[in-house]
Amino acid sequence: MQNMEQRFKSMSIFDFQRKFPDADSCLSHLATLKWSEGYSCPKCGHGSSCEGSSPHSRQCTRCRYVESPTAGTLFHKLKFDPLKAFWIVYFLATNKKGFSSTELARKLELGQKTCWRFKRKVMKAMKSSGNFPITGTAEVDETVFGQQEEGVRGRENARKKLVVVGIEKKGKSVSRLYARAIPHADAACLGGFMKDHIDPAAKVTTDQWTGYGPLAKDFANMVQIPSGKKGDNFPELHRAIMMLKGWLRGMHHHVEDLQDYLDEYCYRFNRNFMKERIFDNLVLRMVKAPPCLIKNISD
């Protein structure tokens with residue numbers, strides 16, 4: 001597998017600073033993205049507007065409703081400097097290992113809780129769209145994530161969670177990866193993941209776990225083989241799983257809200273080819289996504 005650090009090149013800090021020197025440039029960028037396909041009043045549906053009373057806002061020429069560039073997006077009701085919000089998005093998008101809220105707070109001189117809450121909003125934009133399924137050669141396996149519970153073994157451990165992982169192989173490298181936390185390793189949960197993330201025509205290889213057997217009707221090219229000693233028959237898949245687990249241990253020490261963290265990792269992994277464009281992609285996703293209220297983000 002090609003080292004993720006070798007293939008991950010992002011927009012430089014200098015490029016970012018030149019493009020976004022202040023809060024006004026950030027709001028201008030959000031306005032451009034938000035109304036790139038034209039204006040439609042969220043209150044009355046009218047398609048004509050003029051400049052609003054606040055910077056880069058739009059006012060409906062019929063009902064006079066004023067809409068800011070952050071309204072109705074994941075920047076909705078932002079309580080701190082938009083430039084610092086852009087820096088958080090930049091750090092999360094372009095650093096191959098991500099950033100903890102503690103690191104963000106130290107770099108940006110914000111409260112740790114403020115950074116944690118906004119980071120969680122950014123992570124909502126990293127959720128897979130489901131529009132780019134794995135094609136060609138695929139491998140799937142389920143594993144457990146989380147800390148060991150004293151006196152309990154394996155999957156009965158309440159502090160561990162089941163996760164199913166699928167990869168797209170290109171030779172001996174992994175070109176795409178998806179992961180989902182699941183309640184059970186049965187055909188319903190495994191099948192739901194595979195139908196969402198793997199093309200039905202793909203050549204899928206799994207181990208001989210019984211939960212995969214019923215899925216052959218939906219994946220005609222699926223084969224089941226023994227996992228081998230320590231997963232020897234799935235070296236790329238198991239290496240990808242170990243990398244994901246290693247990252248998670250360094251960034252997140254419990255399994256609550258695990259899916260958001262899986263989405264974050266997969267988002268960056270699957271967009272290593274975007275290089276400088278990954279920041280722009282993430283900001284656009286945040287603009288297109290609906291607001292996420294703080295009360296809906298668990299502590």
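A polar contact is a pair of N or O atoms within 3.5 Å; within protein, one atom must be able to donate a hydrogen and the other to accept it, and residues adjacent in sequence count only if both atoms are side-chain atoms. This is a predicted model, in which local features need pLDDT of at least 70, side-chain atom pairs count only at pLDDT 80 or more, and totals for chains, interfaces and linings use all residues. Residues are numbered from 1 along each chain as its sequence is written, and side-chain values use heavy atoms, with hydrogens and water left out.

**Helix H4**

Helices (H or I, at least four residues) and strands (E, at least two) are DSSP runs, numbered from the N terminus. At the start of H4, a side-chain oxygen of Asp81 comes to within 2.9 Å of the backbone nitrogen of Leu83. The expected span of a helix is 1.5 Å times one less than its number of residues. For the 13 residues of H4 (residues 82-94) this gives 18 Å, which agrees with the 18 Å between its end C-alpha atoms.

Buried means under 20% relative accessible area, exposed over 50%, and partly exposed in between (1.4 Å probe, protein chains only). Twelve of the 13 residues of H4 are buried, so the helix is largely enclosed by the rest of the structure. Contact means heavy atoms within 4.5 Å.

| Helix | Residues |
|---|---|
| H2 | 13-19 |
| H3 | 23-34 |
| H5 | 101-108 |
| H6 | 112-124 |

**Nonpolar cores**

A nonpolar core is a set of buried Ala, Val, Leu, Ile, Met, Phe, Trp, Tyr and Cys residues joined through side-chain atoms within 4.5 Å. The largest has 63 residues, and Phe86, Ile88, Val89, Phe118, Val122 and Phe279 touch the most other members. H4 gives the most to this core, with ten residues. Apart from this core lies another, of 19 residues, among them Ile134 and Val140. Leaving out residues up to four places away in sequence, Ile88 touches Phe80, Leu104, Leu108, Leu110, Cys115, Phe118 and Val122. Of these, Cys115 is buried, with a relative accessible area of 0%.

**Cysteines and the sheet**

A disulfide is a pair of cysteine sulfur atoms within 2.5 Å, and the count comes to zero. The sulfur of Cys63 is 3.6 Å from the closest cysteine sulfur, in Cys41, too far for a bond. Cys63 is partly exposed, at 34% relative accessible area.

Two strands pair if DSSP finds at least two bridges between them. An open sheet of three strands has the order S1-S2-S3, with antiparallel pairing. Its edge strands, S1 (49-51) and S3 (66-67), each pair on one side only.
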